[in-house]
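Student: I would like to go through this model with you, starting with its open spaces. Could you begin with the terms I need?

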Amino acid sequence: MAWNSAHIDKEFDREVRALLADTDEDGNLPIVQLGEPVLRMQTEQYDGQLSQKTLVKLIELMRSTMLAAPGVGLAGPQIGLGLAIAVLEDHVRDDADDPRGIGELPFTTIINPHYEPVDDQTASFYEGCLSFDGYQAVRKRYVHIKATWMDEFGNKHEELMHYWPARIFQHETDHLNGEVYIDKAETRSLTTYDNLEDYWAFEAVPQEASKTLGFEL
């Protein structure tokens, strides 16, 4: 399956190519920060508005920008693009007993994604965002979700996702709906990266942070 070439918007395609040309000296795109209106807008569903060449370039640059940040996900609005496109990638760490359930998430392009919880189970962990650079906060999210999306070739995917990969999918899909993780985070848990490392990184489940900073898990 492929996207319908009849849907290509030539003017929009030129605008996106111009956006992609505005890279830094390392060839990566600037990541917009909170306060930029695009981060609060509902994105436009993708139905083939871009040429395949532009779409491929967009995905390549989103991936390189995400990895250089470094991050495990990047959504269209984070590069100033109001399209329902995001990229994800994460890999297993050394600690097999990590309660966050970090699992292998190969590079994936998600277009027009959607998720719904499989059950009521939730978990609260520290989470960050490349568009709220320098901070993290505890965010409760569903542990098990049914995720649906289209890939760059126009194929539909449906998959049960769990634990940390499910968290990443939720985080990036929320971006496409104008939501940033801090909107529903425990704001009393908000911490700089340095303070997270100094005070709270010793435990994956932020129980001590909860007691000391005064928020509920």
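Tutor: To sort a lining by class, Ala, Val, Leu, Ile, Met, Phe, Trp, Tyr, Cys and Pro count as nonpolar, Asp, Glu, Lys and Arg as charged, and the others, Gly among them, as polar. Please keep in mind that this is a predicted model.

Student: On that scheme, how does the lining of the largest pocket divide by class?

Tutor: The lining of the largest pocket has 16 nonpolar, seven polar and eight charged residues.

Student: And how much space lies in that largest pocket?

Tutor: The largest pocket holds about 850 Å³ of space. It is lined by 31 residues, and those closest to its centre are Tyr126, Glu127, Gly128, Gln136 and Trp164.

Student: Which element gives the most to the lining of the largest pocket?

Tutor: That is H3, with five residues. S4, H3 and helix H4 (193-200) each supply at least two residues of this lining.

Student: You listed Glu127 close to the centre of the pocket. Is Glu127 buried or exposed?

Tutor: Glu127 has a relative accessible area of 5%, so it counts as buried. The residue is found in strand S4.

Student: What does Glu127 touch?

Tutor: Leaving out residues up to four places away in sequence, Glu127 touches Gln136, Ala137, Arg139, Arg141, Arg167, His171 and Tyr181.

Student: Tyr181 is on that list. Which ring pairs involve Tyr181?

Tutor: Ring pairs link Tyr181 with Phe132 and Tyr135 into a cluster. In the whole count there are six aromatic pairs. One of them joins Phe132 and Tyr181, whose ring centres are 6.4 Å apart with planes at 45 degrees, so this pair is tilted.

Student: Where in the chain do Phe132 and Tyr181 sit?

Tutor: Phe132 is in the loop between S4 and S5, and Tyr181 is in the loop between H3 and strand S8 (185-192). The two are 49 residues apart, and the pair thus links distant parts of the chain. Both Phe132 and Tyr181 are buried.

Student: Which residues line the largest cavity?

Tutor: Its lining consists of Arg100, Ala123, Phe125, Arg141, Tyr142, Val143, Tyr163, Trp164 and Arg167. By class, these are six nonpolar, no polar and three charged residues.

Student: Let us move to the nonpolar cores. Which members of the largest one touch the most other members?

Tutor: Among the 22 residues of the largest nonpolar core, these are Tyr46, Leu50, Leu55, Leu58 and Ile85. Helix H1 (10-21), helix H2 (52-68) and strand S2 (85-90) each supply at least two residues of this core. H2 gives the most to this core, with six residues.

Student: Now Trp200. Is Trp200 buried or exposed?

Tutor: Trp200 counts as buried, at 9% relative accessibility. Trp200 is found in helix H4. Setting aside residues up to four places away in sequence, Trp200 touches Tyr126, Thr191, Asn195, Glu208, Ala209, Thr212 and Leu213.

Student: How far apart are the C-alpha atoms of Trp200 and Ser210?

Tutor: They are separated by 9.8 Å, with the two residues ten apart along the chain.

Key: Residues numbered from 1 in each chain as written. Predicted model: local features only at pLDDT ≥ 70, side-chain atom pairs only at ≥ 80, totals over all residues. Heavy atoms only, no water. 1 Å grid on protein atoms, 1.4 Å probe; cavity = no way out; pocket = protein on both sides within 12 Å on 5 of 7 lines; lining within 4 Å. Core = buried A, V, L, I, M, F, W, Y, C linked by side-chain atoms within 4.5 Å. Buried < 20%, exposed > 50% of the residue type's maximum accessible area, 1.4 Å probe, protein only. Helix = DSSP H or I, 4+ residues; strand = E, 2+ residues; numbered from the N terminus. Contact = heavy atoms within 4.5 Å. Phe/Tyr/Trp six-rings, centres within 6.5 Å; stacked < 30°, edge-to-face > 60°. Points joined across faces, edges and corners; volume = space filled by probe spheres on them.
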